[in-house]
Amino acid sequence: MNCALGENNENLILKIPKINLGGSSLVRSESNTVGEMVEEKISVKNGDNTIESLFTNMGILNKDKVDLILKIDVEGYEYEVINGLKNTIDWYRPSIIIEYSPAFYIKNSATGDRSDIGIKTLQILKDIGYTMKVLDVGMYKNKNYKGDEIINWCKEFKAEQANLHFFKQ
């Protein structure tokens, strides 16, 4: 299955930097490009439907026995991925690791103002009842944040990016 996961089934343009394939993004603005970019049309599929189809094709019938871990590193498209996986997240309660990049959200507005998209993304997980742990940034590292502490952390966080682990307790 070769596709991106998101909220809707659609075709979008993936902007791919020639010098850093890991910086490829569906929402990178033209004003925030790093060197020469290549564009490729890709298929985005609803996350819930795609996971369900994948499990069905794999013969996984007893969903209660599935341990699911989601790693989301999508250069600014986290909100759309999480929204497209709401039912999957509700059913499986997976551990979720997200690369959170507030500087990227502020710099990129190819699809409108996205400066608060990071907070909106983490708000969804907060509302579902997840606890957040920062995995890799000095003074925040290994502290658990719950409820409004998650949103307060988002507003205070000034580093370029952090890897965040969300889990249900």
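1. **Confidence.** This is a predicted model, where local features need pLDDT of at least 70 and side-chain atom pairs count only at pLDDT 80 or more, while totals for chains, interfaces and linings use all residues. Residues are numbered from 1 along each chain as its sequence is written, and side-chain values use heavy atoms, with hydrogens and water left out. (pLDDT is the predictor's confidence in each residue, from 0 to 100.) Over the chain the mean is 85, with 89% of residues at 70 or more.

2. **Layout.** There are six helices and eight strands. (Helices, H or I of at least four residues, and strands, E of at least two, are DSSP runs numbered from the N terminus.) Going along the sequence, you get β-β-β-α-β-α-α-β-α-α-β-β-α-β.

3. Of the 169 residues, 44% are buried. (Buried is under 20% relative accessible area, exposed over 50%, partly exposed in between, with a 1.4 Å probe and protein chains only.) Taking contacts with a separation of 6 or more, 70% join residues 24 or more positions apart. (A contact is heavy atoms within 4.5 Å.) The chain exposes about 9200 Å², and carbon and sulfur atoms supply 48% of that. (Areas are Shrake-Rupley with a 1.4 Å probe; for residues, only the protein chains shown count as cover.)

4. **The largest pocket.** Its space comes to about 420 Å³. It has 22 lining residues, and C3, A4, L5, I42 and V74 are the closest to its centre. Elements giving two or more residues to the lining are β1 (4-6), β2 (10-17), β3 (37-46) and β4 (69-72). By type, the lining splits into 14 nonpolar, four polar and four charged residues. (Nonpolar is Ala, Val, Leu, Ile, Met, Phe, Trp, Tyr, Cys and Pro; charged is Asp, Glu, Lys and Arg; polar is the others, Gly among them.) For the method: on a 1 Å grid over the protein atoms alone, a pocket is an open set of points where a 1.4 Å probe fits, with protein on both sides within 12 Å along at least five of seven lines, and lining residues have an atom within 4 Å of a point. Points are joined across faces, edges and corners, and the volume is the space filled by probe spheres set on them.

5. E78 sits in helix α2 (residues 78-84) and counts as buried because its relative accessibility is 2%. Beyond four places in sequence, E78 touches I72, I98, E99, Y105 and T121. E75 is in the loop between β4 and α2, and is buried too, at 13%. With neighbours within four places left aside, E75 contacts G22, G23, S24, S25, V27, E99 and F104.

6. **I96.** This one belongs to strand β5 (residues 95-100) and is buried, with a relative accessible area of 0%. Contacts of I96 beyond four places in sequence are L70, I72, I89, L125, Y130, L164, H165 and F166. I96 and Y130 are 34 residues apart along the chain, with 9.4 Å between their C-alpha atoms.

7. **N49.** Here is an exposed residue, at 52% relative accessible area, in helix α1 (residues 47-57). N49 and G84 are 35 residues apart in sequence and 8.6 Å apart C-alpha to C-alpha.
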